[in-house]
Amino acid sequence: MAPSLGLSAVSSCALFWHIFLLVSLVLEGMIIVNVEANGWLSGHATFYGTDQDPATLGGACGYDNTFHAGFGVNTAAVSSTLFRGGEACGACYQVICNYRIDPKWCLQRRAVMVTATNFCPPNNNGGWCNAPHQHFDMSTPAFLRIARQGNEGIVPVIYRRVSCQRRGGVRFTLKGQSNFNMVMISNVGGSGDVKAAWIWGSRMRKGTWLPMHRNWGANWQSSIDLRNQKLSFKLTLVDGRALVFSNVVPSTWSFGQTFSSRNQF
């Protein structure tokens with residue numbers, strides 16, 4: 001006959017598990033607080049269909065090809081809360097699948113850096129891309145860096161803004177016609193998202209910068225004929241950093257060409 005536990009032993013065992021549970025909850029709370037203190041936010045992620053070419057996911061930002069724009073395949077369409085009317089185009093995020101919430105589908109201790117290159121539109125059925133959700137609809141290669149392949153479709157994530165590390169200088173692609181100049185700005189380092197842009201032609205009075213206006217996404221426009229002139233640009237990022245790109249475009253330029261500067265944030 002097995003000996004029975006005394007009341008004091010049972011009480012000690014219960015006390016141990018109570019303390020263990022309390023410590024676990026405290027530590028988990030500390031982790032959550034620490035995550036929030038370091039700029040991490042909660043959101044969710046899905047992925048584009050596997051049959052889509054990730055290089056073509058420039059969408060609402062206007063990047064014709066994410067490789068040519070300097071972003072590679074680790075890209076994402078972001079919800080309206082993050083997209084900010086196109087201002088987020090080019091911004092970089094570090095994304096981690098929240099293994100604590102979804103250990104079945106999340107890969108533990110895996111992170112991926114993605115660039116916002118597209119808009120995930122809201123719908124009328126309370127979808128994940130509706131405000132105020134903070135959502136990333138990622139390219140398949142990026143999604144599979146942090147989550148297992150399967151039928152889950154959506155996973156909880158934590159994310160934060162990070163500095164964009166780009167190869168080479170900022171790129172300027174000239175679009176438009178005659179006096180309608182539209183410039184796609186890509187491969188931007190630093191915060192990656194452009195807040196304001198100016199253009200200057202070599203026939204303009206020195207120091208007279210012409211403000212450009214965001215047409216859509218990463219495309220900025222001006223309404224002045226600048227053909228047969230050397231072009232310079234001045235950019236200010238959302239984080240406040242500013243940089244001048246002097247004579248980055250030669251006077252022999254034509255619409256459709258891309259010019260890479262030597263400068264980078």
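I started with the Cys120–Cys129 link: with 75° about the S-S bond, it is right-handed. This is a predicted model, and in it the two sulfur atoms sit 1.8 Å apart. I checked burial too: Cys120 has a relative accessible area of 10% and is buried, and Cys129 is buried at 7%.

Next I looked up Ser79, in the loop between β2 (75–78) and α2 (80–83). Is Ser79 buried or exposed? Its relative accessible area is 0%, so I noted it as buried. Leaving aside neighbours within four places in sequence, I found Ser79 in contact with both Cys120 and Cys129, and also with Phe119, His133, Gln134 and His135.

Cys61 and Cys89 are bonded with their sulfur atoms 2.0 Å apart, and -90° about the S-S bond makes that link left-handed. Cys61 is in the loop between β1 (41–47) and β2, Cys89 in the loop between α2 and β3 (92–97), so the pair ties together parts 28 residues apart in sequence. Both cysteines are buried.

For Cys92 and Cys164 I noted a sulfur separation of 2.1 Å. The torsion is about 120°, so this disulfide is right-handed. It links strand β3 to the loop between β6 (155–162) and β7, 72 residues apart. Cys92 is buried at 0%, and Cys164 at 3%. In sequence order, I wrote the pairing of the bonded cysteines as 1-2, 3-8, 4-5, 6-7.

Last, the sheet: I read an open, antiparallel order of β11-β12-β8-β7-β15. Its edge strands are β11 (213–216) and β15 (258–260). The twist averages 35° from one strand to the next. I found 3 bridges between β7 (residues 171–177) and β15, with Thr173 opposite Thr258.

Definitions and conventions: Residues numbered from 1 in each chain as written. Predicted model: local features only at pLDDT ≥ 70, side-chain atom pairs only at ≥ 80, totals over all residues. Heavy atoms only, no water. Pairing = 2+ DSSP bridges. Helix = DSSP H or I, 4+ residues; strand = E, 2+ residues; numbered from the N terminus. Axes fitted to C-alpha atoms, helices over the stretch in contact; angles between N-to-C directions. Buried < 20%, exposed > 50% of the residue type's maximum accessible area, 1.4 Å probe, protein only. Contact = heavy atoms within 4.5 Å. Disulfide = S-S within 2.5 Å.
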